[in-house]
Amino acid sequence: MSVSSSSAATPVHVGVFGATGQVGGVMRTLLAEQRPAQVVDLGCGNGPATMVLAERWPDARIIGVDNSEAMIEAATAHDVDGRVEWVLGDLATWDPVSVGSPVDVITSNAALQWVDGHRDLLRPLVDALADDG
């Protein structure tokens with residue numbers, strides 16, 4: 001599913017993996033150049049977007065975090081190659097240090113805004129990023 005902006009000058013379509021159009025072109029270029037070692041998807045749900053990340057960066061350690069046991073079980077069932085580390089965890093208390101080393105990419109789609117005090121979570125997440133993350 002895509003969402004389009006109403007601006008004819010700068011069309012933006014947001015899909016499963018980023019945006020298209022002028023903004024999306026820049027995002028895709030930046031992401032294409034990245035070779036992350038560790039990627040974390042916060043609020044991964046049943047895992048389809050996380051699996052896209054795993055396909056995009058096959059050499060990276062991919063971690064999906066969600067607070068629903070049912071979602072983690074469903075994600076694990078879809079991940080037939082065991083490519084992703086699925087973690088049951090509450091985003092309000094999940095510590096990025098638990099990954100063990102700086103993270104190159106942290107992504108979240110429609111999850112953080114539901115966490116009470118989510119703005120307070122942003123600084124620790126940014127601090128957990130690698131220098132070039």
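This is a predicted model: local features need pLDDT of at least 70, side-chain atom pairs count only at pLDDT 80 or more; totals for chains, interfaces and linings use all residues.
Figure 1. β4 and β5 pair in the parallel sense over five bridges; two strands count as paired if DSSP finds at least two bridges between them. Strands (E, at least two residues) and helices (H or I, at least four residues) are DSSP runs, numbered from the N terminus. In β7, Val-105 is the bridge partner of Val-39, and the parallel pairing of β4 with β7 comprises four bridges. Within β5, Gln-38 has Arg-61 as its bridge partner.

Residues are numbered from 1 along each chain as its sequence is written. Local features need pLDDT of at least 70, side-chain atom pairs count only at pLDDT 80 or more, and totals for chains, interfaces and linings use all residues, while side-chain values use heavy atoms, with hydrogens and water left out.

**Figure 2. Side chains of strand β4.** In a regular strand the side chains alternate between the two faces of the sheet. In β4, Gln-38, Val-40 and Leu-42 point one way, whereas Val-39 and Asp-41 point the other way. Five of the five residues of β4 are buried, where buried means under 20% relative accessible area, exposed over 50%, and partly exposed in between (1.4 Å probe, protein chains only).

**Figure 3. Strand β5 and its surroundings.** Five of the six residues of β5 (residues 61-66) are buried, so this strand is largely enclosed by the rest of the structure. From β4 the chain crosses through helix α2 (residues 48-56) to β5, and this β-α-β crossover is right-handed. A crossover is right-handed if, with the strands pointing away from the viewer, the path from the first strand over the helix to the second runs clockwise. A right-handed β-α-β unit is also made by β5, helix α3 (residues 69-78) and β6. β5 pairs with strand β6 (residues 84-88) in the parallel sense over five bridges. Within this pairing, Gly-64 has Trp-86 as its bridge partner, and Val-65 stands opposite Val-87.

Figure 4. One salt bridge is found in a search of the whole structure, a salt bridge being a side-chain nitrogen of Lys or Arg within 4 Å of a carboxyl oxygen of Asp or Glu. It joins Glu-85 to Arg-61, with the closest N and O atoms 2.7 Å apart. Glu-85 lies in β6 and Arg-61 in β5, so the pair ties together parts that are 24 residues apart in sequence. Glu-85 is partly exposed, at a relative accessible area of 34%, and Arg-61 is partly exposed at 29% relative accessibility.

Figure 5. Four strands form an open sheet in the order β6-β5-β4-β7, with parallel pairing. β6 and β7 (105-108) are the edge strands, each pairing on one side only. From one strand to the next, the twist averages 20°. Helix α2 lies across β4, β5, β6 and β7 and runs at about 150° to β6. Axes are lines fitted to C-alpha atoms, for helices over the stretch in contact (heavy atoms within 4.5 Å), and angles run from 0 to 180 degrees between N-to-C directions. The protein as a whole has four helices and seven strands.
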